[in-house]
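Please read the following briefing alongside the sequence and the three-dimensional view. The notes are grouped by topic.

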Amino acid sequence: MKKTLISGITLTILGAVLLGLGILHHGDHNLIWHDGGFKIEDTSIKHATFKEVHNLKINADDDV
């Protein structure tokens, strides 16, 4: 029982350290498969308010 408790605590601490390292290295971004390899998805959200806009044209390389 004592060995199981020590192993559980050790693995919990190791998991917390690995989680912290992942977050510090931008692990909160999505990992996607793109053009035959993995890519970290780089997204940005822009908010803008315009009055009386009737047409909107967006030129972007990525999906909008």
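Lys46 is found in the segment after strand 2, where strands are DSSP runs of E of at least two residues, helices are runs of H or I of at least four residues, and both are numbered from the N terminus. Lys46 is exposed, with a relative accessible area of 73%; exposed means over 50%, buried under 20% and partly exposed in between, computed with a 1.4 Å probe and protein chains only. This is a predicted model, in which local features need pLDDT of at least 70, side-chain atom pairs count only at pLDDT 80 or more, and totals for chains, interfaces and linings use all residues. Residues are numbered from 1 along each chain as its sequence is written, and side-chain values use heavy atoms, with hydrogens and water left out.

- Helix 1 covers residues 2-24 and contains Leu5, which counts as exposed because its relative accessibility is 55%.

**Separations between C-alpha atoms**
- Lys46 and Thr10 are 36 residues apart along the chain, and their C-alpha atoms are separated by 43 Å.
- From Thr10 to Ala48 there are 38 residues in sequence and 48 Å in space, C-alpha to C-alpha.
- Thr43 and Val53, ten residues apart along the chain, have C-alpha atoms separated by 25 Å.

**The largest pocket**
- The largest pocket holds about 390 Å³ of space.
- Twelve residues line this pocket, and the closest to its centre are Glu41, Asp42, Thr43, Asp62 and Asp63.
- A pocket is an open set of points on a 1 Å grid over the protein atoms alone where a 1.4 Å probe fits, with protein on both sides within 12 Å along at least five of seven lines; lining residues have an atom within 4 Å of a point.
- The lining comprises six charged, three polar and three nonpolar residues.
- Thr43 is in the segment after strand 2 (37-40) and is exposed, at a relative accessible area of 53%.

**Positive phi angles**
- Asp35 is not a glycine, yet has a positive phi of about 55°.
- Asp35 sits in the loop between strand 1 (31-34) and strand 2, and is exposed at 71% relative accessibility.
- Glu52, also not a glycine, has a positive phi of about 55°.
- Glu52 belongs to the segment after strand 2 and counts as exposed at 75% relative accessibility.

Note on methods:
Points joined across faces, edges and corners; volume = space filled by probe spheres on them. Nonpolar A, V, L, I, M, F, W, Y, C, P; charged D, E, K, R; others polar.
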